[in-house]
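Here is a short tour of one protein. Look over the sequence and the structure first, then read on.

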Amino acid sequence: MSEQEQQETLLEFPCDYSIKAMGETSEQLDLIVVEIVRRHVDDLAEGAVSSRLSSGGKYTSITVTIRATSKAQLDAIYQDLSSHELIKYVL
């Protein structure tokens, strides 16, 4: 990791990192989130994806735990997820 990357983040790469995306509940939401993350991650471990409905069932949050390799990788994932019209929030 370059010195500039070290100054931009407190994370030490590679590391396990959880990304949470939220949107209105739909059949496609889980598939869309996983497909976007897979564009940037070579392999997802078994059990890496979990989802949870809101108390009223209107919204779903999907958490994907990845082995992050760089800040640039995380930035690209967040950008792609945030750009999709079905995804309302990304944490």
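## Charge and overall make-up

The mean positions of the protein's 8 positive and 15 negative charges lie 8 Å apart. The model is a predicted one. Its C-alpha atoms fill a box of roughly 45 × 25 × 20 Å along the principal axes.

The protein has 91 residues, and 33% of them are buried. Its accessible surface is about 6100 Å². Carbon and sulfur atoms account for 46% of that surface.

## Order of the elements

Three helices and four strands make up the secondary structure. Read from the N terminus, the elements run α-β-α-β-β-α-β.

How much of the contact set links residues 24 or more positions apart? Among contacts with a separation of 6 or more, the share is 71%.

## The sheet

The four strands form an open sheet. Their order is β2-β3-β1-β4, and the pairing is antiparallel. Strands β2 and β4 are the edges, each pairing on one side only. Strand β4 covers residues 89-90.

Strand β1 spans residues 15-24 and pairs with β4 in the antiparallel sense over two bridges. Across this pair, M22 stands opposite Y89 of β4.

Strand β2 takes in residues 49-53, and strand β3 takes in residues 59-68. The two pair in the antiparallel sense over five bridges. S51 stands opposite I62 of β3.

Helix α3 spans residues 71-83. It lies across β1, β3 and β4. Helix α3 runs at about 10° to β1.

Which residues of α2 are buried? They are L29, I32, V33, V34, I36 and V37. These buried residues pack against strands β1, β2 and β3. They also pack against helix α3.

## Putting it together

Helix α3 lies across β1, β3 and β4, while the buried residues of α2 pack against β1, β2, β3 and α3.

Definitions and conventions:
Residues numbered from 1 in each chain as written. Predicted model: local features only at pLDDT ≥ 70, side-chain atom pairs only at ≥ 80, totals over all residues. Heavy atoms only, no water. Pairing = 2+ DSSP bridges. Contact = heavy atoms within 4.5 Å. Axes fitted to C-alpha atoms, helices over the stretch in contact; angles between N-to-C directions. Buried < 20%, exposed > 50% of the residue type's maximum accessible area, 1.4 Å probe, protein only. Areas by Shrake-Rupley, 256 points an atom, 1.4 Å probe, with all protein chains shown as cover. Lys, Arg positive; Asp, Glu negative; His and termini not counted. Charge placed at Lys NZ, Arg CZ, Asp CG, Glu CD.
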